[in-house]
Amino acid sequence: MPINTSNSNVATRENRIGSITGYVGTLNDLASQSQCGTLKGCSRCFSQSSTCLSSCGLGQLSAIRDVAIIHHGPAGCSVASSNSYYMTKVMAKKRGVTSNTVYVGTDMNENDTIFGSTEALRKIILEVNERYSPKAIFVSSACATGIIGEDIDSIVEDVRDEIGVPIVAVHCEGFKSRIWATGFDLSDHAVLQEIVKPPRAGVKTNKINFKNFFESARPEIIEMFKNFDLEPVFLYCNSTIEELSHLSESLATTCICGTLGNYLGNGLEEKYGVPYVRSINQCGIAGFETWLREIGKVTGRSEKVEKYIEEQRAIYIPQIEEVKKELVGLTAVLGMGPGYTFEVSRVLDELGIKVVWALAWHYDKKYENGDVPPSMKYLLDNDIDFETSVADQQNYEVMNILNKYQPDMYLSRHPGSTVWAIKNGTPAIYVADEYMIFGYKHTLEFAKTILNTIRNRSFEANLAKRTKLPYTDWWYKQNVDTFLEEVK
C-alpha cells in the first residue's frame, strides 16, 4: 500500500497490512494462510489490558533531541511522559549528549470535551514554542480528542507560519487500533511527512539508517560498520532534527526489529529510493550472516562483508558449539512482539532448543511490500514448526500454556510476563536488551545466559511454593483458545 505523506493520518495495521491479535494453531498454518490471503483474526470475549499505541508512538518521537511533544488530551493520557523523561535524562546522559526535549499535556477537562478546546491548543503551541524554542513540534491527539472530533490538523496549519520550525499532527487515539505497534508507524509517518527532506543535489554519503530502540550497542555497531566503510545513523534515540532531515541521502535503511522499522524503511524506499534491507534480523548465526550479506549486496560491499564473516566465525562458532552441547533437548515457550518471537524461535532452534509454543503479541500478515515477514518465511523454508498463538499480552493465556507444557524456560521481552512465569516455577529469561542476541558475540552470551538459568532453578522453585496464583484448576484444564471467537 503506497504511503501518503500528504495526510497526517495513518491507516491502522489491521486495515493496512491485515495484522491480527487473535489466533491459535501452528506456525505452518499461520504462515500458509498469510501467503494465500485466507488468514482471519479472532476476537476475545475476555481480555486483559494491553498497551496503548500512543505510548509507542510518542515514546519514539520523544527520544529525538530538542523537540516538543504536545499531547492534546486529559492529564491521564500524559502518562507516556515518564518515558520521555527517561529518554531525555538517562539515555542522553549515557550517550554523553544533552537533550532539551519537553513533553506537554494540555490537560483537557469536561468543559473542553463538551465545547472543544482548539483555541486553547493553539495558545499552548505558541507558548511552548516561545518558552522552549524546540527544533520541531509534534502535536498529538488522544482518545478524548478523537471522540469529539477535535481538528488538530487545522490548528497545526494555522500556526505553522508563526512557529518557524517543523510542526506536524500525530493521530495517536488509542482506540483506533488494538495493535500498539501502530504507534511506531505513526511516529515514522510524522518524521517522513515533516522532517525528512529530499536529498541534496550532488551529496554522496556512506551512511546507513539503523532503526533501533535505545542504541545500547552503539559503539559496537559503529566499530563493526567501519569494516565496511559505512557510518550508521541511529534512529530515533538521541537523533537530531538535522540528522533526520537527511535520511533520504543514506545508502540504505535497516532495523533491529521488523515491527519497529518496517514503515520507515518502506517509506524511505518508496519516496526517495533508499533501499530497505529486508532480511531476517541480526539474532543468532543465520540471522547475523544473512543480514550482513544483504547489506553488502545493497551497498556494494559484499567482499568486505564476507571477509568479516570469515574472521568472526573462526572466533565464535567453536565456542557457541561447545555451549550448545548442554542445551540440546531443552524446551522453551516464548512471548514477545512478532519482530522477536519468530526471530528468537529461530535462534533457539540453532542452539538445539525445542520451542513447544510461541506467543506473538500481534501478527503482521504481510508487510507494506506485500511479502510475508522474513522471519516467518525463514522458519517455513527450513521446515521449522511449532504451536503458535497471537495474544496481545494476555498473560492468563501464557500461564495456561506454561502449566500445560512445563517447559524448561520461558523467554519474554516484557518483564511483567516473566514475573508471572517465575511465580509459576518456570525459569524465565527477560530478553530486554534489543542487542541481547545480536551477532556471534551476543549469541554466545545468550547461550551462556540460558545455561546459567536452567542450572540453578532454586529461586523459581522456592517462590512457586510460597505463591498462590489466581488461576484455578478449571482454567488450567481449558484449551488456550477458550475465549477466542472468529471475526465474521
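**Helices, salt bridges and ring contacts in the predicted model**

Helix α17 is followed by Gln-406, whose phi is positive, near 45°. The structure described here is a predicted model. Helix α17 covers residues 395-405 and is mostly covered, with 8 of its 11 residues buried. The buried residues of α17 are Asn-395, Tyr-396, Glu-397, Val-398, Met-399, Asn-400, Ile-401 and Leu-402.

Helix α15 (residues 338-350) has 13 residues, which at 1.5 Å a residue should span 18 Å; its end C-alpha atoms lie 19 Å apart, in agreement with that expectation. Of these 13 residues, 12 are buried, so α15 is largely enclosed by the rest of the structure. Among the buried residues of α15 are Pro-338, Gly-339, Tyr-340, Phe-342, Glu-343, Arg-346 and Glu-350. Just after α15, Gly-352 adopts a positive phi of about 85°. Tyr-340 also takes part in a contact with a charged side chain: the charged end of Arg-413 sits over the ring of Tyr-340, 4.2 Å from its centre. In another contact of this kind, the charged end of Lys-423 sits over the ring of Trp-420, at 4.5 Å from the ring centre.

Side chains of opposite charge can pair when their charged atoms come close. The structure holds 28 salt bridges. One of them joins the side chains of Asp-185 and Arg-13, with an N to O distance of 2.8 Å. This pair links distant parts of the chain, since Asp-185 lies in helix α9 (residues 182-195) and Arg-13 in helix α1 (residues 13-17), 172 residues apart. Asp-185 counts as buried because its relative accessibility is 0%, and Arg-13 counts as buried at 0% relative accessibility. Arg-13, Arg-16, Asp-185 and Asp-364 are linked in a network of salt bridges.

A salt bridge within a helix is formed by the side chains of Glu-223 and Lys-226 (3.0 Å, N to O). Both residues lie in helix α10 (residues 218-226), 3 residues apart, about one turn of the helix. An α-helix has 3.6 residues a turn, so residues three or four places apart point the same way. Glu-223 is partly exposed, at 46% relative accessibility, whereas Lys-226 is exposed, with a relative accessible area of 54%. Lys-325 forms a salt bridge with Glu-322, the closest N and O atoms being 3.2 Å apart. Here Lys-325 is exposed, with a relative accessible area of 59%, and Glu-322 counts as partly exposed at 48%.

Aromatic pairs number 25. The rings of Phe-210 and Phe-234 have centres 5.8 Å apart and planes at 20°, so this pair is stacked. Phe-210 belongs to strand β7 (residues 207-211) and Phe-234 to strand β8 (residues 231-235), so the pair ties together parts that are 24 residues apart in sequence. Tyr-396 lies in helix α17 and Phe-483 in the loop between α21 (473-476) and β15 (484-486), so the pair ties together parts that are 87 residues apart in sequence. Tyr-396 counts as buried, at 3% relative accessibility. Ring pairs also link Phe-210, Phe-225, Phe-228, Phe-234, Phe-288, Trp-291, Tyr-308, Tyr-435, Phe-438 and Tyr-440 into a cluster.

Key
Residues are numbered from 1 along each chain as its sequence is written. This is a predicted model: local features need pLDDT of at least 70, side-chain atom pairs count only at pLDDT 80 or more; totals for chains, interfaces and linings use all residues. Side-chain values use heavy atoms; hydrogens and water are left out. Helices (H or I, at least four residues) and strands (E, at least two) are DSSP runs, numbered from the N terminus. The expected span of a helix is 1.5 Å times one less than its number of residues. Buried means under 20% relative accessible area, exposed over 50%, partly exposed in between (1.4 Å probe, protein chains only). A salt bridge is a side-chain nitrogen of Lys or Arg within 4 Å of a carboxyl oxygen of Asp or Glu. Rings of Phe, Tyr and Trp (its six-membered ring) pair if their centres lie within 6.5 Å; planes under 30 degrees apart count as stacked, over 60 as edge-to-face and the rest as tilted. A charge sits over a ring if NZ of Lys or CZ of Arg is within 6 Å of the ring centre and within 35 degrees of the ring normal.
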